[in-house]
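Keep the picture open beside you and look up each residue as it comes along.

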Amino acid sequence: MCESVAVSQLVVRPSGPLSGEVPVGGAKNSALKLMAACVLAEGRYVLRNVPDIADVATMGQLLEAMGMSVRRREDGALEVVRPAVITPEAPYELVERMRASSAVLGPLLAAVGQARVAIPGGDDFGSRPIDMHLSGLESLGATFELTHGMIEGRADRLRGAEVVLDYPSVGATENLLMAGVLASGRTTVQNAAREPEIADLAAFLNRMGARVLGAGSPTITIDGVAELRAVEHTVIPDRIEAATFLAAVAVAGGELTLRGARADHLEILIERMGRMGVRISPEADGIWAMAPARPRATDVATLPYPGLATDHLPLLVAVLSVADGTSYATENVFAGRFRYVGELARMGARVRVDGHHLVIDGVERLSGAPVRAVDIRAGAALVVAALRADGETVVHDAEHVDRGYEGFIDKLRAVGADVERP
Ligand code: UD1
C-alpha cells in the first residue's frame, strides 16, 4: 500500500462553492491505539470503522511482525487475531515510519513482561520524545535499557502506582492505560490527557474486562485485573478529518454536511470557525456547515484537549491565510510544527513566523504553486489552501496525506473540489 503511493502528487485547481455530503471515517489516532491494545489478550478482535489508510497498514504490519494476524473483512471491519505467544518486538523499519508504533510498549510489558521497541526518531514536528512514557511505566515497575537504537523493557508483573504526568501527553496516557489494566492493584494517572481518543481506548479496554474510571477527565483510575479478553468495538469518528472538510468549505465557500462527525468532539474548533463566519450546526448524525463568501480573521491557539488540537492548526492557518484581516495563531503543543508555513508562503500567503506564533495577513486569493507536504496535516492544509489559489497547485510528497485520510481525493471531488492525482 505504501509502496504504490511512494512518490505521489496531487493537482488542485480553484474550486467552490462546495456542496453535498461527506462521510467522516473512523479516527486514525484512535484506531492505531486500539490495534496496539489487541496485544493485551489472546483471541479474535473485530474493530469497526477503522480507516483504510497507510498508517493502519503499518500498524497491521507491526502486529504481524509480532506474530499476530490482521485482515480486512469483506464487511470492512478489521479482524485482529492475537495468538497465545507473540514476539514482543517492534522493529526500526516500522517505528521509523510511524511514531504511533511506540503504543505497543505498555501493552507488551503488561501482557508479555518484555518489549523491544526501536527508539522513535525526530520527525517534521521536531523532536517527539517518549520520556514520559518511560518514566510512567517505570513507576509501575518496568525497567528500561537503551541500546543499539532499541528500548528494551522488562517487568515481571507491573504493579499499580500513582503517576503524575508533567504534561497531559496523549501517547504517555495511552501507554499507562494499556499497562495499568493488567498491573496488580490500582494505578492512578494524574494530569492525564483528555482527548476523545483516550476515552475511546478506555471504552475498548473496559469492554475487554478492564476496570478504568475517569478517562476523558484529568484523573484516570485503573484497577488492574488478572485477565482480559478479545472483543468487538467501533472506533469513534475522526475529528481531524471532520476539521479538514470544515476548513475546505471555509476556504472554498459553500455548504457541506459531514455525515457521522461528532460536534461534541469539536467544540473549540466550531466556536473558532464561528468567529471566522462559518455557520456550523450539529445534526443527529453529523455536522452541517455553511461558509461566508470570505472568512474573517480571528486568533487561534493550540492546547491539550479540550483546547484546540495541534492537528487542527495547519488547517486553520490555511483558512486564515485567505481571511479578511490579520490573525495570530499560536502552537503550544509541538514546537517546530511550522514547516508547512514556508510552503503556504510559496502560494502567496502572508505569514510571518515569530517563535511559536504566526502572524497571518489574509489575502483575497492565493496563487497556485508547486509545494511539498511535510506531514499528514500539512499536506491536507496545502490541498485546502489550493482550493482558493488561482491556477494550479501541485502538492508533492502527497503520500503523507494518504497516511491519514481514506479516499481524500474522492471525498473532495464528490463535493465539487477540482483535485486529482495525475
Ligand atoms: C498524539 C497524536 C497527534 C496529536 C497529539 C496531540 C497519534 C498517533 N498522534 O501524538 O496526532 O497531534 O497527540 O494531540 O495519536 N512529550 C514529551 N515527552 C513525552 C511525550 C510527549 O515531551 O514522553 C511532549 C511532546 O513533544 C509534545 C507534547 O508532549 O510537545 C504532546 O505530545 P503527546 O500528547 O504525547 O502527542 P503524541 O501522543 O505524540
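Lys-411 counts as buried, because its relative accessibility is 15% and the cut-off for buried is under 20%. Keep in mind as you read that this is a predicted model. You can find Lys-411 in helix α14, which covers residues 408–414.

What does the side chain of Lys-411 do in there? It makes a polar contact with the side chain of Glu-241, at 2.6 Å. A polar atom of the Lys-411 side chain also lies 3.0 Å from the backbone oxygen of Pro-23. Setting aside residues up to four places away in sequence, Lys-411 touches Val-22, Pro-23, Gly-25, Glu-241, Phe-245 and Glu-406.

**Two domains**

Now zoom out to the whole chain. The domain assignment gives domain 1 (3–25 + 237–420) and domain 2 (28–234). Notice that domain 1 is written as two stretches of the chain, 3–25 and 237–420. The centres of the two domains, taken over C-alpha atoms, are separated by 30 Å. Across the boundary, 26 residues of domain 1 are in contact with 21 residues of domain 2.

**Around the ligand**

Which domains supply residues to the shell around the ligand? Domain 1 and domain 2 each give at least three residues to this shell. In total, 20 residues surround the ligand, and the closest are Asp-131, Met-132, Ser-169, Asp-311 and Val-333. By type, the shell divides into eight nonpolar, six polar and six charged residues.

Three helices each supply at least two residues of the shell: α1 (28–37), α5 (131–139) and α6 (170–180). The largest share, three residues, comes from α5.

| Residue | Ligand atom | Distance |
|---|---|---|
| Asn-29 | oxygen | 3.0 Å |
| Asp-131 | nitrogen | 2.7 Å |
| Ser-169 | oxygen | 2.6 Å |

How much of the ligand does the protein cover? On its own, the ligand has 730 Å² of accessible area, and the protein covers 84% of that.

**A covered helix and a buried strand residue**

Next, look for helix α12, residues 376–386. This helix is mostly covered, with eleven of its eleven residues buried. Among them are Ile-376, Leu-382, Val-383 and Val-384, along with Arg-377. Asp-375 caps the N-terminal end of α12: one of its side-chain oxygens lies 2.9 Å from the backbone nitrogen of Arg-377.

One of the buried residues of α12 is Ala-385, and Ala-385 is also in contact with Leu-366. Is Leu-366 itself buried or exposed? Leu-366 counts as buried because its relative accessibility is 2%. It lies in strand β22 (residues 366–367). Leaving aside neighbours within four places in sequence, the contacts of Leu-366 include Ser-321, Val-322, Met-347, Arg-388 and Asp-390. Ala-115 lies elsewhere: its C-alpha atom is 49 Å from that of Leu-366, and 251 residues separate the pair along the chain.

**A partly exposed strand residue**

For a contrast, turn to Glu-283, found in strand β16 (residues 279–283). Glu-283 is partly exposed, because its relative accessible area is 36%, which falls between the cut-offs of 20% and 50%. Not counting residues up to four places away in sequence, Glu-283 touches Thr-257, Arg-259 and Trp-288. Thr-257 is 26 residues from Glu-283 in sequence, yet their C-alpha atoms are 8.9 Å apart in space.

**Details in the loops**

Finally, trace the backbone through a few loops. The peptide bond from Gly-16 to Pro-17 is cis, with omega near -5°. Pro-17 sits in the loop between β1 (10–13) and β2 (18–23). The bond from Tyr-305 to Pro-306 is cis too, with omega near 10°, and Pro-306 lies in the loop between β18 (300–301) and α10 (313–320).

Which residue has a positive phi of about 60° although it is not a glycine? That is Asn-191, in the loop between β11 (186–190) and α7 (196–207). Asn-191 is partly exposed, with a relative accessible area of 30%. Asp-397 is not a glycine either, and has a positive phi of about 55°. Its place is in the loop between β25 (393–396) and α13 (399–404), and at 24% relative accessibility Asp-397 counts as partly exposed.

Definitions and conventions. Residues numbered from 1 in each chain as written. Predicted model: local features only at pLDDT ≥ 70, side-chain atom pairs only at ≥ 80, totals over all residues. Heavy atoms only, no water. Near = heavy atom within 4 Å. Polar contact = N/O pair within 3.5 Å; in protein donor to acceptor, adjacent residues only side chain to side chain. Areas by Shrake-Rupley, 256 points an atom, 1.4 Å probe, with all protein chains shown as cover. Helix = DSSP H or I, 4+ residues; strand = E, 2+ residues; numbered from the N terminus. Nonpolar A, V, L, I, M, F, W, Y, C, P; charged D, E, K, R; others polar. Domains from an automatic or database assignment. Buried < 20%, exposed > 50% of the residue type's maximum accessible area, 1.4 Å probe, protein only. Contact = heavy atoms within 4.5 Å.
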